[in-house]
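The following exercises concern a single protein chain. Please examine its sequence and its fold before turning to the solutions.

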Amino acid sequence: MRRFEYTTEVLVIGGGPAGLSAAITAARHGCKVLLVEKNGYLGGNATLGLPLLGYLDLKGRRIVGGIAQEYVNRLCKQRACLGHRTCPKHNSVTNFDPSAFKVMAIEMCKEAGVEVLLHLESSRVNKSGSRIESVECYGKGNLVTVKARLYIDCTGDGDVAYLAGCTWESGQEGTGVLQPPTVMYTLENVNTDRLFDYIEAHPEEMTYSATIDHRPGYDALYFRESLNHVFVGLRQLFTRLHAEGKLPVERETLIYIKSLRKGEVFINSTRLLNTDATNIFDLTNAELEGQVQCQKLTEVLKEYVPGFENCFISSIAPSLGVRETRRFSGICRLTWDMLLNGVIPADTIALGGYKIDIHSGNDRSTLFKTVQEPFGIPYGCLVSNEMDNLMFAGRCISMDAASLASVRVMPQCMSMGHAAGIAAAMTFENKCVPKDIDVGALRKKLLKENAVLTMEQVNTIPVNEMI
């Protein structure tokens, strides 16, 4: 085994939407940053074909800015993004080219001076009391020991926090059931106009179970008006096929994301029940079974769904899309009542407003509950209350399961990363640990970088900046 030692100021582990944002921001603020990623690319779930959900609230107002909006602006300049569009079901949809995002992530890291190491996963955390001294990362027969002054865990699963022995919880309240992961895949040669003709003639296909909130206008006309849409429907057909034993996935509806390319859609309809994505055996089974589901579901779509008769799979995503695993203990905790009551605390570092979106981990159902007003994500949710030099960003922050179901979407994860990156730099400027920084000063810096933190901004800023 080859062994290497690396010294840096900030180690960001995980190069998905949260980690990418944290690393770029910390480097822009003068920190020496190493970004470690397990895959051979940066961007995480932003590269799988998923849409960006959560930029707008229920009333169509923009609640996200900062680096998350910067990504959209850059992609729009490349004609690789369609900007934000209101949606009667999801509040808003922001579709983009995932390959363009992958390249943009590399370019922005280079511009900011972020050092990147791919194909590495954390394997051990060395600590002294309440401080992490180093993190050992392993990949391809290489053991890289990284010594940093501050660590930001953006792995989604909270791998570093877990290895450090931090307190965690997972699953839905009372049951511990985890939302199921998905294998995304891409279909070509889909005639969406034929599908829209079909649902126009069969409006019952766009009805949902009582657990799913949506507003009028989510119909064929809406889909025809823009490529910028996510389709969720065919409940009657899927219910019949399931009853006949012909549906190879435990789903109530078909979900696809419209690509920017003609005839291309990204399918988000595989479902891997009873999966703990931190268990390597569950994870292996989900990856393999999910890829098989892609083929079987496509055969069903070709046979039964108008517009899909001549479709074919062009690619299957290289990694599983995971919705839920571990959540860690911070100096503050985001709770569902804060979401439902639109609470924006004084230490808010990002706003949320997406639905509480819970995919059942043991059956076909989904809970999709409306959040009426924007809510704030407190800074303390990003700060470990057990390790002095550890922060989190992304879906492993300190929160309950219902809150996770809303803030796990990418714009909010990007916004958390933005805040964590600035906070990291402030610990060096002020020679303090993350829990002791001046959150008011952090908020001023975020506002200077166009983050959206207040209702005054929500009510005045434009929905789109570049289109």
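The model is predicted: local features need pLDDT of at least 70, side-chain atom pairs count only at pLDDT 80 or more, and totals for chains, interfaces and linings use all residues. Residues are numbered from 1 along each chain as its sequence is written, and side-chain values use heavy atoms, with hydrogens and water left out.

**Exercise 1. Describe the overall fold of the chain.**

Step 1. The chain contains 13 helices and 22 strands; these are DSSP runs numbered from the N terminus, helices being H or I with at least four residues and strands E with at least two.

Step 2. The radius of gyration is 21 Å, close to the 23 Å that the globule rule gives for 467 residues, so the chain is as compact as a globular protein of that length. This radius is taken over C-alpha atoms, and the globule rule is 2.2 Å times the number of residues to the power 0.38. Along its principal axes, the C-alpha trace spans about 65 × 55 × 45 Å.

Step 3. Of the 467 residues, 61% are buried. Buried means under 20% relative accessible area, exposed over 50%, and partly exposed in between (1.4 Å probe, protein chains only).

Step 4. Taking contacts (heavy atoms within 4.5 Å) between residues at least 6 apart in sequence, 75% join residues at least 24 apart.

**Exercise 2. Determine how many salt bridges the chain has, and examine individual pairs.**

Step 1. A salt bridge is a side-chain nitrogen of Lys or Arg within 4 Å of a carboxyl oxygen of Asp or Glu. By this rule the count is 22.

Step 2. One of them joins Arg28 and Glu70, whose closest N and O atoms are 2.7 Å apart. Arg28 belongs to helix H1 (residues 17-28) and Glu70 to helix H2 (residues 66-77), so the pair ties together parts that are 42 residues apart in sequence. Arg28 is partly exposed at 43% relative accessibility, and Glu70 is partly exposed at 23%.

Step 3. Glu429 and Lys445 also meet in a salt bridge, at 4.0 Å from N to O. This pair links distant parts of the chain, with Glu429 in helix H11 (residues 410-429) and Lys445 in helix H12 (residues 439-448), 16 residues apart. Glu429 counts as partly exposed at 45%, as does Lys445 at 28%.

Step 4. Asp57, Lys59, Arg61 and Glu373 are linked in a network of salt bridges.

**Exercise 3. Identify which residues form a nonpolar patch on the surface.**

Step 1. Patches consist of residues with over 30% relative accessible area and no salt bridge; like charges are joined within 9 Å, and nonpolar side chains (Val, Leu, Ile, Met, Phe, Trp, Tyr) within 5 Å.

Step 2. Tyr162, Leu163 and Trp168 form such a patch, with about 280 Å² of accessible area together. Accessible areas come from the Shrake-Rupley method with a 1.4 Å probe; for residues, only the protein chains shown count as cover.

Step 3. Leu163 lies in helix H4 (residues 159-163) and is partly exposed at 32% relative accessibility.
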